[in-house]
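Some labels used for protein structures rest on a cut-off.

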Amino acid sequence: MDTIVKTKYGEIQGLEEEDCFLFLGIPFALPPIDNLAFSHPMPPKPFEGIYDARKGKTNPIQGEGVASVPNNSLDCLYLNVFVPKGLKEGTPVIVWIHGGSYGHGGSGAKNESGRPLEYELAFFAKETKTIVVSINYRLNLFGFLDLTSFGPSFEANNGLYDQIMALRYIKENIAFFGGDPNNVTLLGQSAGAASILALLEMHEARPLFHKAIMMSPCVDSFFSKEEGEKLTKKYLSYLHLKKEDITPRTLSNLPIRKIQKANDKLETYLVAKGEFRCAFSPIVDGKTIHVFPKNGISDSAKPILIGHTKNECDLFVEPVPGFVLPFAKLLLGIKPKKMKGRLRRRISDALTDEIYINPIHDVLKAYNGMAYYYQLDYINQKCADKDMGPYHVSDVPIVFGLDWGNHQDVNPRDVHVGRKYRAMFSSFAYKGAVNFPSFKVNERPHIIDFDGILI
């Protein structure tokens, strides 16, 4: 394979590394700026000359916090393609949709130099023997706030339509990179995984992919039209804007710092209400998303692989001061199991059941296609250092074969578990099935359980 690839939109110049070709920062839509900032994405224009795809681009505008990434811009609709050397034409494709509560994260570069990326996926592509694509999508008010009542310049669920546009680009162009447009597997974590639930429900998205892997999806993190409108009103009050000020140009020209402060206030407001859902969750408006995805995917027959870590909510409960825990229990309206052990552990387990495990099981009960289910029990060193179980997001570096600094992992136990994960995902991407002895058929023949990934 050459580092210059001819696509539908023109020639693209990538770069060659030891085991992989990289094509970075490819535009899959027009820049969502000015009057396009709150509209569904438009297809990109053809290139003039050779497009330079040797550096990553920016990440979406987002709030502050531990899940946030730098190098933000409205002009963020880019994707990256990782092509391992030595693969045959028609290789299966895995598309990575990052998480971050619909308000944080990105797949672009960490800084203006274009490297490193937030997710360096060359090693993952090589180990899974697939072509891997990572994508960006608009977040928070640009991607998911429901502003449709302010006129036709505002459309709903733009972040999901960014994902659909990226998938259209992949379907039209991935064959030029050696990929099979008829064997595309979506892979997402947290909000990225919940986005996949929505894409399984959205009929315009269904023809664009064939299988789905969902890691720790926040299954119930969707709002009704009425809920979305109330949150929009609250959010705009934080920006101190009058109704006549609500235009795409005005909102897109707001200082990023002002947006970040309003984002933080909305997230704090929902937490104070004991709300489990993400502040900028997609809107079930009856038009773009017809029904809550948990209830609307029953007529999808695509193979899915879905699972979670054993102690998802340790990440959220562990930092809470001990004296606050009894009040947190009342605020959140949860009933920890009556058993011996720390209140912190019991609250975390109750929240994990409420937010992740029970909703995932609801999906499995409703799903009519072939489904595989797993739970990660493995406690890596990072979890052990924090005195936590396998918590939310702790599996992502293991899956990609990276340490927490985004370098290739060298911890032998993590490498061992990561290799199992990558073999599982590769098998699923190639065949839509996972043939591991540890999987076992449960009471429903089309759902297969995994008895935990252990050393």
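Q: Where is the place of threonine 185?
A: In this predicted model, threonine 185 sits in strand S9, residues 179-189.

Q: What makes threonine 185 count as buried or exposed?
A: The label buried applies under 20% relative accessible area. Threonine 185 has 0% relative accessibility, so threonine 185 counts as buried. Leaving out residues up to four places away in sequence, threonine 185 touches Val93, Ile94, Val95, Lys211, Ala212, Ile213, Phe428 and Ala429.

Q: What label does lysine 273 get for its relative accessibility, and why?
A: Exposed requires over 50%. Lysine 273 is at 52%, so lysine 273 counts as exposed. Lysine 273 belongs to the loop between helix H7 (256-272) and strand S12 (283-284). Its C-alpha is 8.0 Å from that of leucine 332, while 59 residues separate the two in sequence.

Q: Why is lysine 440 called partly exposed?
A: Partly exposed covers the values between the limits for buried, under 20%, and exposed, over 50%. The relative accessible area of lysine 440 is 48%, so the label is partly exposed. Lysine 440 is part of strand S15, residues 439-441, and touches Ile448, Asp449 and Asp451, not counting residues up to four places away in sequence.

Q: How do you know that H3 is largely enclosed by the rest of the structure?
A: Of the 16 residues of H3, 13 are buried, so the helix is largely enclosed. H3 runs over residues 158-173, and its first and last C-alpha atoms are 22 Å apart, close to the 22 Å expected at 1.5 Å a residue.

Q: How many disulfides does the model have?
A: A disulfide needs a pair of cysteine sulfur atoms within 2.5 Å. The count by this rule is zero. For cysteine 278, the nearest cysteine sulfur is that of cysteine 218, 4.2 Å away, and cysteine 278 is in no disulfide.

Q: Why is the sulfur of cysteine 383 too far from the closest cysteine sulfur for a bond?
A: The closest cysteine sulfur, in cysteine 313, is 13 Å away, and the limit is 2.5 Å, so this pair is too far apart. Cysteine 383 is buried, with a relative accessible area of 0%. Cysteine 278 is also buried, at 12%.

Q: Why are H5 and H7 called oblique to each other?
A: Helix H5 (residues 225-239) and H7 pack at about 135°, with their axes 9 Å apart. Roughly perpendicular ends at 115 degrees and roughly antiparallel begins over 145. The angle falls between these limits, so the pair is oblique. The contact involves residues including Leu231 and Tyr235 of H5, and Ile259 and Leu266 of H7.

Q: What makes phi of serine 190 worth a remark?
A: Most residues other than glycine have a negative phi. Phi of serine 190 is near 60°, a positive value in a residue other than glycine. Serine 190 lies in the loop between S9 and helix H4 (191-201), and at 8% relative accessibility counts as buried.

Q: Which label, buried or exposed, does aspartate 387 get?
A: Aspartate 387 is exposed, because its relative accessible area is 53% and the label needs over 50%. Aspartate 387 has a positive phi of about 60° although it is not a glycine.

Note on methods
Residues are numbered from 1 along each chain as its sequence is written. This is a predicted model: local features need pLDDT of at least 70, side-chain atom pairs count only at pLDDT 80 or more; totals for chains, interfaces and linings use all residues. Side-chain values use heavy atoms; hydrogens and water are left out. Helices (H or I, at least four residues) and strands (E, at least two) are DSSP runs, numbered from the N terminus. The expected span of a helix is 1.5 Å times one less than its number of residues. Buried means under 20% relative accessible area, exposed over 50%, partly exposed in between (1.4 Å probe, protein chains only). Axes are lines fitted to C-alpha atoms, for helices over the stretch in contact, and angles run from 0 to 180 degrees between N-to-C directions. Angles under 35 degrees count as roughly parallel, over 145 as roughly antiparallel, 65 to 115 as roughly perpendicular and the rest as oblique. Contact means heavy atoms within 4.5 Å.
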